Amino acid sequence: MSELTQELKERIIKQLNLEDITLDDLQDDTPLFGDGLGLDSIDALELIVMLDKSYGIKLADPKEGRKVFETIQTMADYIEANRP
Amino acid sequence: MNPMQPVYITAFCILRNRQLVVDGRVVLANHSGLSLGDWLKSAYQQLGMDYPKFYKMDALAKATLIAVEWISRTLPVAGTNTPLVFSNYSSSMVSDDRHAAGIYDPDDASASPGVFVYTLPNIGMGEVSIRHQLHSENVFFIFERFTPEFLVPYVTGMLEREGLQQVLAGWVEVGADGTCDVLLYAVSRHGKLPHTIEQLNALYNKDYE
Amino acid sequence: MTQAPQAVVSGMGVVSAIGLTVAENLDALRHARSGIRPLALIPSVHKGKLLVGEIPLSNVELYGALGIPEDEAYTRTALLALLAMQEAMAEVDLGDGRRTGLISATTVGGMDATERYYDDYLESPAHRHFIPTHPCGHFTEQIAQRYGIRNYVTTISTACSSAANAIMLGARMIRAGLLDRAIVGGADSLSQFTINGFNSLMIYSDTYCAPFDEHRKGLNLGEAAAFLVLESEATAHELERTPLAYVSGYGNANDAFHQTASSDDGEGALLAMQSALKVAGLPPSAIDYVNAHGTATPNNDLSEGKALVELFGGNEAVPLFSSTKAFTGHTLAAAGAIEAVYSILALSEQAVLPNLNFNTPIAELGITPQTEWKATQVRHVLSNSLGFGGNCSSLVFSKNP
């Protein structure tokens, strides 16, 4: 599991251009949206694309994304549960 | 009709050839070895802005933001009624190219929403508006080259007719090939440098070593 | 009472998914005949599936309609623009010595040709003459050259508010006494570039777009071109041209919220509408019809709706309004121009245009668009075009000044 969270952290930092964030800044339970990392709606869409391209999971409803993308951990859990 | 009152260039910022010039002074020396992205990052860090949204922007929006940031260090910008009158030749080519590379890839076609967002030339202006909370008028023109012949009467007329205090205008040409040719300036009712075609051409063409 | 010359509309031309002329567009609007259909002409994975407001003419047919030799490089955007120009300029004699400007608008520019021919450019010279057509300013120059307009020629590119800004600038130039005539408008053709892009933002509906409906799922893209001939009142009078309408107000403001999403309360839209009314010297209550931006995205319609409620002072006070995007799709840079034509038709026909595909009002707003063509007194129309980058524009068209 920690391999997946590590991988997710690296992917997210790269995909979302989080150039001023280090891997240490990103805890498994850091809130990605709102007060934590402060990601926005476009970032959420990028995460949806990443879920599809890198893990083969299609999220059709952006609103569902908010729950899935709450933290690195919730993302990892979702991927583990839904990857084909 | 009243004759046009003279108006003045009260600040200007140039980003070109990996050199950043503010009001005639070179503030970031030529780093010709750096990629555009890395150079813009160094310009951002120099400003000490603490604005993480910067990293999501494309090169056009970054360069635009940096230039206006410098101007805002000497003149009131935030929360003012300062219209933006920007222009370029290649529109949003720097992001168009990236978006195109994604969607036309024969083996792995995909679109990145974060890239697509920047495939319009006025998004950089929008980023400036967000950063400085400007709800003012904003327009973006497409010209073959920096065209003070158009911008000068347009901006002067704006100040004259609309009773405004200040306008930000200029040229933001950033190429997909890493070229950067940006001149943004503030025009106000009081100042020293006359807002004329000759003066703008002089600022634009000068060698600032 | 202003002494500045009024800007009147003395000619117009439009080409969209619902018609190749003003008359054809009007007929479709009157008879609730939408032009949105599955994509047919562009090579795309979405062909036959994605719903678009496509103009049912191939580029070859457009060349033919314009009498342009096929070996000359005109992008689809340029061809659509020229077709609309042809209609708009039918009664204009540019040899009449009046100071005439051309202010055009686009976001796609020559992208439609570039994506078609780019791979080819390296392989063979067959399409290389299209290379210069890529930049946004190019087709404006082509139009200017074809018509011999030299005075004042420029291209505006501010996303979905582009053409509205062109109209605003033209009206301003006339009011400032700097031009006697301004030909203003815009064009955007469909392209894989924009289709794929909007899809990635997950705001593209998989069904017919339903503006201002509680269950709306997003927009359908469209392509179109439209141009208005604006003249000073004096010029129109001297040339014995009957004004179709007056451009009595215009305003532009930035939402300063997000690159693509509108603020929750639609502040930018509200400011733009307020500016436009101020220029027109009208209170909100003078507006008989609002042609809304109404793209049918969850975000826009809620945001714009809130701005309307705020502007008019309560949901009960919002005048008759509709979005015509369920007819044509969202035509991006051309939207402000085709919707200006439709706003002017509302004035000439004394009718409010229908908002198709509507069933349920947005719960949070409590406002209901006009769903059927309605004959009624229309003196002043407010037309909104809200673009990405927070660029919000609003125009007021009036039957009389």
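Reader: Which residue of β7(B) is the bridge partner of B:Phe12?

Author: This is a predicted model, in which local features need pLDDT of at least 70 and side-chain atom pairs count only at pLDDT 80 or more, while totals for chains, interfaces and linings use all residues. Residues are numbered from 1 along each chain as its sequence is written, and chains are lettered from A and ligands numbered from 1 in the order in which they are written. Strand β1 (residues 8-16) of chain B runs antiparallel to β7(B) and is joined to it by 8 bridges (strands pair if DSSP finds at least two bridges between them; strands are DSSP runs of E, at least two residues, and helices of H or I, at least four, numbered from the N terminus). In β7(B), the partner of B:Phe12 is B:Tyr185.

Reader: How many bridges pair β6(B) with β7(B)?

Author: Between these strands lies a hairpin of 5 residues, where B:Gly178 takes a positive phi near 90°. Across the pair, B:Val172 has B:Val182 of β7(B) as its bridge partner. Strand β6 (residues 166-174) of chain B and β7(B) pair in the antiparallel sense, and the number of bridges is 9.

Reader: How many of the 9 residues of β7(B) are buried?

Author: A residue is buried if 20 or more other C-beta atoms, placed from the backbone, lie within 10 Å of its own, exposed if 12 or fewer, and partly exposed in between. Strand β7 (residues 180-188) of chain B is largely enclosed by the rest of the structure, because its buried residues number 7 of 9.

Reader: Which element gives the largest share of the side of chain C that touches chain B?

Author: The contact takes 38 residues from chain B and 36 residues from chain C (two residues are in contact if their C-beta atoms, placed from the backbone, lie within 7 Å). On the side of chain C, the elements giving two or more residues are β5 (152-156), α7, β8 (245-254) and α9 (267-280). The largest share, 6 residues, comes from α7(C).

Reader: At what angle do α3(B) and α7(C) pack?

Author: In this contact B:His99, B:Ala100 and B:Ile103 of α3(B) meet C:Gln192, C:Phe193, C:Asn196 and C:Gly197 of α7(C). Axes are lines fitted to C-alpha atoms, for helices over the stretch in contact, and angles run from 0 to 180 degrees between N-to-C directions. Helix α3 (residues 93-103) of chain B and helix α7 (residues 192-200) of chain C have axes 10 Å apart, and the angle between them is about 85°.

Reader: Which residue of β5(C) stands opposite B:Phe141?

Author: The two chains also meet through strands, as 2 bridges join strand β5 (residues 138-142) of chain B to β5(C). These strands run antiparallel. Opposite B:Phe141 stands C:Ile156.

Reader: What percentage of the residues of chain C count as buried?

Author: Chain C holds 12 helices and 14 strands, and its C-alpha atoms fill a box of roughly 60 × 50 × 40 Å along the principal axes. Among its contacts between residues at least 6 apart in sequence, 78% join residues at least 24 apart. Of its 401 residues, the buried share is 64%.

Reader: How many other C-beta atoms lie within 10 Å of C:Ala182?

Author: C:Ala182 is placed in strand β6 (residues 181-188) of chain C. Leaving aside neighbours within four places in sequence, C:Ala182 has contacts with C:Gly101, C:Ile103, C:Gly170, C:Met173, C:Ile174 and C:Leu230. C:Ala182 is buried, and the number of other C-beta atoms within 10 Å is 28.

Reader: How far apart are the C-alpha atoms of C:Ala182 and C:Trp373?

Author: Along the chain, C:Ala182 and C:Trp373 are 191 residues apart. The separation of their C-alpha atoms is 31 Å.
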